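Q: I would like to learn how to read some features of a protein model. Can we go through them one at a time?

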Amino acid sequence: MTAPAAFVPARLARLAGVEARLFLREPVAVFFAVLLPAALLLVLGFSIPGFRDPDPALGGQRVVDVQLPGMMVLLSVVTLALSTLPTALVVYRERGVLRRMSTTPVRPSALLGAQLVVNAVVAAAATALTLALGHVLLGTPFPRAPLGFAAVFTLGCLAMFAIGLCLAAVSPNSRIVQGAGAAVMFPLLFLAGMWLPRPLMPEVLRRISDVTPTGAFGQGLLDALAGHGLQPLHLAVLAGWAAAAGLGAARLFRWE
């Protein structure tokens, strides 16, 4: 009775390996999720001299030390969660892959788990690449609160991937899920401070940002990069979004 369960991690690992190879064969996905955030960090860091000057509004730190790396890490995770992950799952459903898997010993849920593992690993690799290139080429310090950074990164990934699963659950085809992902992504990036830093937002807009998944995620990343303590509100918001979206996806997801 215990033998089948013993093979679950091995099956998941094999499926994750297959999904990783498929992901690497998609140059567009690799570019937008992995290479673009790191490239933007370097291009903006080198092309805008003011980003390399100490900023009193940031406690004497430079934009390339905190704001820019944090937003690029956020961009990578959000791209994977709201574009790559839901599109892949909806395409599998459209092509009948999930339905056919339900007749084999490998359940469709294993494919879902493999997709989550691959996207989480890609997000971590993209983050490591962005931080490493910033450190080597721009002198950007590594997170001053590494444990806090790991905690908020993990919670942020859980929340954003859960939202991506909700998109996959309610989207009938790949065209709709791509449009819905973009429609959700850009407002959330704005509320995170991607184009207008949160300190420059009006008070009302900043309060709204605090309770959005990207606002809480982005501010948590910035706090950890700067070495500040994480705000309990932002951790609670991320946990709440992860739980609510995860439950919603579980209830609504259709395998065929």
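**Pockets, helices and cysteines**

A: Start with the largest pocket: α1 (3-24), α2 (27-47), α3, α5 and α7 (174-192) each supply at least two residues of its lining. Helices here are DSSP runs of H or I with at least four residues, numbered from the N terminus. This is a predicted model, in which local features need pLDDT of at least 70 and side-chain atom pairs count only at pLDDT 80 or more, while totals for chains, interfaces and linings use all residues. Residues are numbered from 1 along each chain as its sequence is written, and side-chain values use heavy atoms, with hydrogens and water left out.

Q: Which helix gives the most to the lining of the largest pocket?

A: A pocket is an open set of points on a 1 Å grid over the protein atoms alone, where a 1.4 Å probe fits, with protein on both sides within 12 Å along at least five of seven lines; lining residues have an atom within 4 Å of a point. Here α3 gives the most, with 13 residues. The space in this pocket is about 1,200 Å³, counted as the space filled by probe spheres set on the points, which are joined across faces, edges and corners. Of its 48 lining residues, F32, L75, T79, S83 and M185 are the closest to the centre.

Q: Is L85 buried or exposed?

A: Buried means under 20% relative accessible area (1.4 Å probe, protein chains only). L85 has a value of 0%, so L85 is buried. L85 is found in helix α3 (residues 67-94). Leaving aside neighbours within four places in sequence, L85 is in contact (heavy atoms within 4.5 Å) with L80, Q115, L116, N119, F161 and L165.

Q: How many disulfides does the structure hold?

A: A disulfide is a covalent bond between the sulfur atoms of two cysteines. The cut-off used is a pair of cysteine sulfur atoms within 2.5 Å. The structure holds 0 disulfides. C157 is in none, and its nearest cysteine sulfur, that of C166, is 16 Å away.

Q: What should helix α5 span?

A: The expected span is 1.5 Å times one less than the number of residues. Helix α5 (residues 108-138) has 31 residues, so it should span 45 Å; its end C-alpha atoms are 44 Å apart, which agrees. After α5 comes G139, with a positive phi near 75°.

Terms used
Buried means under 20% relative accessible area, exposed over 50%, partly exposed in between (1.4 Å probe, protein chains only).
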